[in-house]
Amino acid sequence: MKLPELLRNRLGSLLQLAVQTVILRRNDTSKTEVDREETIATESTTTSPQTSKLGTVKKILLKSRQLKSPTKPFKKASLFPDGKTNLAALSLLLHGVAEVLSQKRDLPWKTETQNNLSYEKATDANKGTISYYVTDNLENLSPDTISESAALAVIDRFDPRAGAIHLIYCAAAANLHNPWQSEFLLDDKQLLEYSGLIKRRDLCRHEQLTILYDLVRQPAQILAHVVWEKQGKVGAFTVADLKIWNVNVARDFETDKAGNPKLTGLKVIVQPGLWAKYFLNKSEYYYYTGVITKKTVQTLFSIGKQNAGAARMLIWLIFQVKPGCRDVFSGKSLMQIAYGMAKIALAEQDRQLRRQLADDLATDLKVIEAAGWRVEVETGPAWLLNNDGAKRPIGFWSQLLDTTWRFDLPEAALTEIAKSPNQLRGVERPKQQPPSGAAIREARKAKGWSRAFFAATMGKSISWVDAIETEHRQVSQKDLPKLLEKLEMKS
């Protein structure tokens, strides 16, 4: 029996009011409640339009009751507040996650005694070990590791664009207070914009959201086992086989004319894992952050599947290049990151592959430049330094492997760092090299200053002046700016 027109209109108004007033909180329902919610959603998509509205209202009201948990409400993530940049967690632990998502089988995975597959991330001497595993169980916070064959199947499904999702999570986590106790929310509007999927006219909204649904869950399939040694005043700790990101996705559906459910919306609720207590903790442990740019993230989304080499290199550089430091890397290192060690080794015996990889590297470096990064040849042959399109000479491959490139962060990132240099922690600033003792003595004498006058100017003793001029001690980084200013010297 059909509902009267007035009742249908009333239900429409009730639906709009419910959508506007429901405030999402962490979904802490039991499996039974979740199954009941899914049953209601299914019933609402398989009945008449009038009954569908009733089912939708029931679903919203049910969520309202379920989601009013006593846990701390999540924060809606603002991805790029200034439209260009955002602070992001960029610790060594998170670097390994990005490598797993982008480099996949090209990493040195090893089979353990229990037939589990693991990748151990190299760390500085005496710091500790970080081992990564993958899982196909997205429901448990601490799922069991899986067999080698199952793990390889998961790894093969990883999409380089999930590396961009991982970066977005890193940015959102860095802007939380006590991130190991907090959550953040990302909605489909944000993700469609930054992924560029909103511009894909060949995809309907359902297809766009289906791609996003798969991508946002992939970072949650990576587990880490961390054993960290005591460093200075910070004690040792262990984090065992926990998810890096705990991801819950709420999906909204509507029924099309043929009766098929279609995705109409996504809300992604993410809780950083226990790692954040140790690597994103300003007060007790370590705090590793940097700055990422909107243009870099959008570039990763746009090139992810078509240009995996550039995507792999760009993700690696985000974690590798330190603020304020123009880092230098060899052509061999860059190509191993972009194309895998096995392919570079194979190219030694394959002339056609060498030509192809040289072409690919030139193209991929241009892609990185287009994303706003500074790329320059530091040392290399004339045909590369001149960049005049000259034909590669015989023996170009060994020259290419030995060439070094210098990279610098995008200008937008450097500008943001210069505005708020104290927001970055855990990053070793490049040390300014002090002048030699002889140069300091010559500069002092050129100004006609005695050792006593120079010492008084610096607020130091005469013995301090003697020590630096005879190079029995170096000028500290704290005193160096003042010394250079007083003596009018350049470092």
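Predicted model: local features only at pLDDT ≥ 70, side-chain atom pairs only at ≥ 80, totals over all residues.
Numbering starts from 1 along each chain as its sequence is written, and side-chain values use heavy atoms, with hydrogens and water left out.

Select the protein. It has 21 helices and 14 strands (DSSP runs numbered from the N terminus: H or I of at least four residues for helices, E of at least two for strands). Of its 491 residues, 47% are buried, meaning under 20% relative accessible area with a 1.4 Å probe, protein chains only.

Next, select α10, residues 294–303. Because 7 of its 10 residues are buried, this helix is largely enclosed by the rest of the structure. Show Lys294, Thr296, Val297, Thr299, Leu300, Phe301 and Ile303, the buried residues of α10.

Move to the second largest pocket, with a volume of about 1,100 Å³. Select Leu92, His95, Phe319, Gln320 and Lys322, the closest to its centre of the 44 lining residues. Colour α4 (92–103), β4 (117–121), β11 (289–293), α11 (308–320) and α12 (331–339): each gives two or more residues to the lining.

A pocket here is an open set of points on a 1 Å grid over the protein atoms alone, where a 1.4 Å probe fits, with protein on both sides within 12 Å along at least five of seven lines; lining residues have an atom within 4 Å of a point. The volume is the space filled by probe spheres set on the points, which are joined across faces, edges and corners.

Key: Buried < 20%, exposed > 50% of the residue type's maximum accessible area, 1.4 Å probe, protein only.
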